[in-house]
Amino acid sequence: MGDHYYSRNPISERDKREFSTDIRGRTLTFSTDASVFSKKGVDYGTRLLIEALPLPLEGDVLDLGCGYGPIGIAVASWSPRSRVVMADVNRRALELCRHNAKRNGVEQVTVLESDGLSALKHLSFDWVLTNPPIRAGKRVVYRLFEETRTHLRENGQFWLVIQKKQGAPSAIKKLQSLFSDVTVAVRSKGYAVIRCRN
Ligand SMILES: C[S@@+](CC[C@H](N)C(=O)[O-])C[C@H]1O[C@@H](n2cnc3c(N)ncnc32)[C@H](O)[C@@H]1O
């Protein structure tokens with residue numbers, strides 16, 4: 001069985017890379033590796049989500065399924081008054097994320113292994129941000145939506161990006177069953193950035 005980008009302990013041969021990229025006018029440098037999502041550069045949907053956010057963010061932010069860290073690190077670098085938790089199941093991604101946070105001089109981040117929000121039971125957030133693990137399946141993704149709902153503060157916002165062909169219309173229906181206000185903030189090339197409020 002091969003690795004997935006959502007394996008807990010990827011075993012595939014290492015393929016370490018480093019790239020620098022301009023995000024919202026700031027240059028960030030990331031290391032990536034085999035068995036990590038979008039290892040060759042920041043994913044189109046991820047970038048669209050970061051560009052749509054009303055930065056700087058204030059308060060407690062969760063980057064759910066952080067991968068090597070582009071969302072949480074970009075947000076932290078723009079939002080000195082935020083506290084950012086970055087969580088993933090993939091240990092190789094978490095190791096890269098810790099390295100990348102340091103590499104980009106971002107200090108207010110905590111990187112944690114967590115299946116959904118299971119290791120974050122005692123925490124609540126003003127912002128939850130995700131490019132969800134579609135390949136892990138609808139059951140996992142919808143569970144992440146449900147867990148987010150219970151950990152989002154009253155005036156909190158949940159932002160995610162999803163492709164139409166990967167089930168955006170049914171994801172929006174699921175989100176509408178959980179949140180009172182679900183809006184498509186941006187659409188581009190078949191991707192939708194969705195904002196949910198309680
Ligand atoms: C589409 S990738 C996005 C990665 C990164 N945020 C980015 O934008 O490049 C989804 C991430 O969710 C993680 N993931 C999968 N299942 C998860 C779960 N049950 N709990 C937390 N993270 C999960 C994967 O390991 C992967 O890193």
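User: Which residues of helix H1 (residues 44–52) are buried?

Analyst: This is a predicted model, in which local features need pLDDT of at least 70, side-chain atom pairs count only at pLDDT 80 or more, and totals for chains, interfaces and linings use all residues. Residues are numbered from 1 along each chain as its sequence is written, and side-chain values use heavy atoms, with hydrogens and water left out. Helices (H or I, at least four residues) and strands (E, at least two) are DSSP runs numbered from the N terminus, while buried means under 20% relative accessible area, exposed over 50% and partly exposed in between, with a 1.4 Å probe and protein chains only. In H1, the buried residues are Gly45, Thr46, Leu48, Leu49 and Ile50.

User: Which elements do the buried residues of H1 pack against?

Analyst: Packing is judged here by contact, meaning heavy atoms within 4.5 Å. By that test, the buried residues of H1 pack against H2, E7, strand E1 (17–23), strand E6 (125–130), strand E8 (181–188) and strand E9 (191–197).

User: Which residue caps the N-terminal end of H1?

Analyst: A polar contact is a pair of N or O atoms within 3.5 Å; within protein, one must be able to donate a hydrogen and the other to accept it, and residues adjacent in sequence count only if both atoms are side-chain atoms. The backbone nitrogen of Gly45 lies 3.0 Å from a side-chain oxygen of the capping residue. That residue is Asp43.

User: Which helix gives the most to the lining of the largest pocket?

Analyst: On a 1 Å grid over the protein atoms alone, a pocket is an open set of points where a 1.4 Å probe fits, with protein on both sides within 12 Å along at least five of seven lines; lining residues have an atom within 4 Å of a point. The largest pocket has 29 lining residues, and Tyr5, Tyr6, Gly65, Asp88 and Pro133 lie nearest its centre. Strand E3 (59–64), helix H2 (70–78), strand E4 (82–88) and helix H4 (138–151) each supply at least two of the lining residues. With three residues, the helix that gives the most is H4.

User: What volume does the second largest pocket have?

Analyst: Grid points are joined across faces, edges and corners, and a volume is the space filled by probe spheres set on the points. The second largest pocket is lined by 13 residues, and strand E7 (residues 152–163) supplies the largest share, three residues. For the largest pocket the volume is about 440 Å³. For the second largest pocket it is about 210 Å³.

User: Is Ser31 buried or exposed?

Analyst: Ser31 lies in strand E2 (residues 26–32). Apart from neighbours within four places in sequence, Ser31 touches Arg17, Glu18, Tyr68, Leu96, His99 and Asn100, and its side chain makes a polar contact of 3.4 Å with that of His99. Because its relative accessible area is 6%, Ser31 is buried.

User: At what distance does the side chain of Asn104 reach the backbone oxygen of Asn100?

Analyst: Asn104 sits in the loop between helix H3 (91–103) and strand E5 (109–113), and its relative accessibility is 17%, so it counts as buried. Not counting residues up to four places away in sequence, Asn104 touches Leu28, Thr29, Phe30 and Ile73. Its side chain reaches the backbone oxygen of Asn100 at 2.8 Å.

User: Is Lys189 buried or exposed?

Analyst: Lys189 is in the loop between E8 and E9, and its phi is near 45°, a positive value in a residue other than glycine. Ser35, in the loop between E2 and H1, also has a positive phi, near 65°, but its relative accessible area is 14%, so Ser35 is buried. At 69% relative accessibility, Lys189 is exposed.
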